[in-house]
Amino acid sequence: MQIEVGAVLEGKVTGITKFGAFVEIAPGKTGMVHISEVANSYVKEITDHISEGQTVKVKVLSIGEDGKISLSIKKATAPAPRTPRAPVQSSGRPGNFEWQSSSARRTGSESFEDMMSRFKQASDEKMSDLRRSVDGKHGSFAPRRGSNKPQP
């Protein structure tokens with residue numbers, strides 16, 4: 001069996017250490033799964049995720065010149081595709097925003113130009129609110145442009 005980088009194979013966990021697990025992917029061919037490649041979440045104890053003798057699906061990440069095979073369990077299983085969410089205009093304080101409802105995303109009822117236009121308008125309104133807020137706090141104590149002296 002030819003083992004190539006990028007191949008997804010099944011193998012048996014033959015050993016576990018603090019830093020990873022050894023997986024036999026072919027007779028006489030063993031690779032190592034580093035602890036960071038076991039799961040998509042943080043792994044404190046590798047034995048919480050896999051056990052010796054377990055059959056796992058792995059992806060070949062690299063094959064060193066010395067023959068060492070680097071494997072990944074988390075990259076062998078494709079995560080569910082994430083759907084990007086488009087921001088929509090919100091009310092409230094500057095910096096707050098809401099996301100478009102999932103039903104509007106699925107229908108694709110808005111063109112990209114419409115979404116960008118709405119986003120720009122909301123952004124301009126927020127910047128205007130922010131400027132008014134900052135100007136209101138500084139009042140007449142803020143120096144005028146071009147003048148080095150503060151106004152009384």
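Me: Let's start on the surface: is Arg132 buried or exposed?
Reply: Arg132 is exposed, with a relative accessible area of 53%. Exposed means over 50%, buried under 20%, and partly exposed in between, for a 1.4 Å probe and protein chains only. This is a predicted model, in which local features need pLDDT of at least 70 and side-chain atom pairs pLDDT 80 or more, while totals for chains, interfaces and linings use all residues. Residues are numbered from 1 along each chain as its sequence is written, and side-chain values use heavy atoms, leaving out hydrogens and water.

Me: Which residue meets Arg132 in a salt bridge?
Reply: A salt bridge puts a side-chain nitrogen of Lys or Arg within 4 Å of a carboxyl oxygen of Asp or Glu. Here Arg132 meets Asp129, at 2.3 Å from N to O. They sit 3 residues apart in helix α2, so about one helical turn separates them. Asp129 is partly exposed, at 31%.

Me: How many salt bridges are there in the whole structure?
Reply: The search finds 3. Asp124 is partly exposed at 41% relative accessibility. Glu37 also forms a salt bridge with Lys75, with the closest N and O atoms 3.7 Å apart. Glu37 lies in the loop between β3 and β4 (55-63) and Lys75 in the loop between β5 and β6 (87-88), so this pair ties together parts 38 residues apart in sequence. Glu37 is buried at 13%, whereas Lys75 is partly exposed at 45%.

Me: With which side chain does the side chain of Ser72 make a polar contact?
Reply: Look for N or O atoms within 3.5 Å; within protein, one must be able to donate a hydrogen and the other to accept it, and residues adjacent in sequence count only if both atoms are side-chain atoms. For Ser72, the partner is the side chain of Glu37, at 2.5 Å. The Ser72 side chain also reaches the backbone nitrogen of Lys75 at 3.0 Å. Ser72 belongs to strand β5 (residues 69-72) and is buried, at 0% relative accessibility.

Me: How should I read the strands, and which of them form the closed barrel?
Reply: Strands of a sheet pair through backbone hydrogen bonds, either parallel or antiparallel. Strands here are DSSP runs of E, at least two residues long, and helices are runs of H or I, at least four, all numbered from the N terminus. Two strands count as paired if DSSP finds at least two bridges between them. The closed barrel has 5 strands in the order β1-β2-β3-β5-β4, with mixed pairing.

Me: How does β2 pair with β1 and β3?
Reply: It is antiparallel to both: 4 bridges join β1 (residues 8-16) to β2, and 6 bridges join β2 to β3 (residues 29-34). Lys12 stands opposite Glu24, Gly15 is the bridge partner of Phe22, and Gly20 is paired with His34 in β3. The β1 and β2 hairpin has 3 residues between its strands. The β2 and β3 hairpin has 2, and there Gly28 takes a positive phi near 80°.

Me: How many residues of β2 are buried?
Reply: In β2 (residues 20-26), 5 of the 7 residues are buried, so to speak "mostly covered". For the protein chain of 152 residues, 22% count as buried.
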